Amino acid sequence: MKKTTILNLEQVKEIEKTCPTPFHIYDEKAIRKNVRELKEAFSWNKNYREYFAVKATPNPFILKILQEEGCGVDCSSFTELILSEALGFSGSDIMFSSNVTPMEEYKKASALGAYINLDDYTHIEYLAGGPGIPETICCRYNPGGVFELGTDIMDNPGESKYGFTKDQMIAGFRRLMELGAKKFGIHSFLASNTVSNEYYPALAGILFELAVELKEKTGADISFINLSGGVGIPYTPDKEPNDIKVIGEGVRQKYEEILVPAGLGDAAIFTELGRYMLGPYGQLVTKCIHQKHIYKEYAGLNTCACDLMRPAMYGSYHHITVLGKEDAPCDHKYDVTGSLCENNDKFAVDRMLPKIDIGDYLVIHDTGAHGYAMGYNYNGKLKSPELLLQEDGSVKMIRRGETPQDYFATFDFCDILNNIDYSVK
């Protein structure tokens, strides 16, 4: 699979006249198309809804696009709830899935009428002692052990900090019913970034069987089953992407096989996708500003891990295109680096690329989710702008780049930094 860029070289040069690199750019047309294909794949479930994981790309312009396409939001913090509220999300538009949750966050979610997804059995009494137990409540399940697809170990839920055990789910539903809960949801997340059409159907089978058991043992009215996230994207160009139609059909088969005979054929299916929704439709555009020739060849960019943390944090692969040299042979080996005082600030190690010259523009692919969102300010580095390629072909700024004034804004309570000189001399 060949990876293509959102912008070509001429477009980047034009944009840089008013918005210098580096910047993140998102493709509106591709985002909308992807949402519609997802909804079509699950259209067999009359109450299906996608709750976009705000943490993946917390930009109000992006959230507005998803809202227009009928998506809800999955929030995990007080500020994400505030952002969603400001955009007009409320009630069943919001799924609040958090852990180690402060009371103020439960109070805010309750005030918005959001679906609250409890992460732990002890949170039942905690929530009851605060805003109280809502009539519809969700609980997160952790089956323990390892999660396998065929002979492949996909992840290790038993080492995860999230969720209830099965016994806790049964006891939890009974206690929640005593406290006034009328309807229930079930949620689970067993593996991250799976590039496999089998993951969601396998997870669905586990949750559907759990739903039947919970109904039988507690009499609970199970209103929805949330498959959460985990459907991933192929970061490397040699992998084929997930086929959402095949995934949706696989979940439907499990639904018909397990839920319908048990009298749960009205249960809604929810998803909380982030990476799948936005990952391929965002890119980081940057420029080579230095080269270094020592024991290895280095191409130094005008960005750093503060704009894209995944390669430094996880050693993750992100494909790189040198604009204008898409068809040139990849016959030069580089470490592609940023400017942080950390040796792991590398976007690629020993990557074969076309010859890179100072001034060349590089596109780092698949940064639309967990890209800008994971940025930080180490070394006093400032996060870059976010732009949107709109459906009409125009480019719009949807977040300006940070400034030194932003960096020092949290000292506005005192006068110790009154004499900062922000000019470049």
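In the predicted model, 25 salt bridges are counted. One of them joins Glu 28 to Arg 32, with the closest N and O atoms 3.0 Å apart. Both residues belong to helix α2 (residues 28–41), where a separation of 4 residues corresponds to about one turn of the helix. Glu 28 and Arg 32 are both buried. They also take part in a network of salt bridges that links them with Arg 36, Glu 68, Glu 69 and Glu 391.

Arg 49 pairs with Asp 93 at a closest N–O distance of 3.0 Å; Arg 49 lies in strand β2 and Asp 93 in the loop between α4 (78–86) and β4 (94–97), 44 residues apart. Asp 93 counts as buried because its relative accessibility is 18%, under the 20% limit. Glu 85 and Lys 108 meet in a salt bridge of 2.8 Å, N to O, which links helix α4 to helix α5 (residues 103–112) across 23 residues. Glu 85 is partly exposed, its relative accessible area being 36%.

Arg 49 also has a bridge partner in β11, namely Phe 270. Strands β2 (residues 49–53) and β11 (residues 268–271) pair in the parallel sense over 2 bridges, within a barrel of 8 parallel strands closed in the order β2-β3-β4-β5-β6-β9-β10-β11. Neighbouring strands of this sheet are turned by 25 degrees against each other on average, direction ignored. Helix α7 (residues 166–178) packs on the sheet, touching β5, β6, β9 and β10.

Helix α8 lies across β9, β10 and β11, at about 165 degrees to β10. Of its 20 residues, 14 are buried. Helix α8 is followed by Gly 219, whose phi is positive, near 75 degrees.

Technical notes
Residues numbered from 1 in each chain as written. Predicted model: local features only at pLDDT ≥ 70, side-chain atom pairs only at ≥ 80, totals over all residues. Heavy atoms only, no water. Buried < 20%, exposed > 50% of the residue type's maximum accessible area, 1.4 Å probe, protein only. Pairing = 2+ DSSP bridges. Axes fitted to C-alpha atoms, helices over the stretch in contact; angles between N-to-C directions. Contact = heavy atoms within 4.5 Å. Salt bridge = Lys/Arg side-chain N within 4 Å of Asp/Glu carboxyl O.
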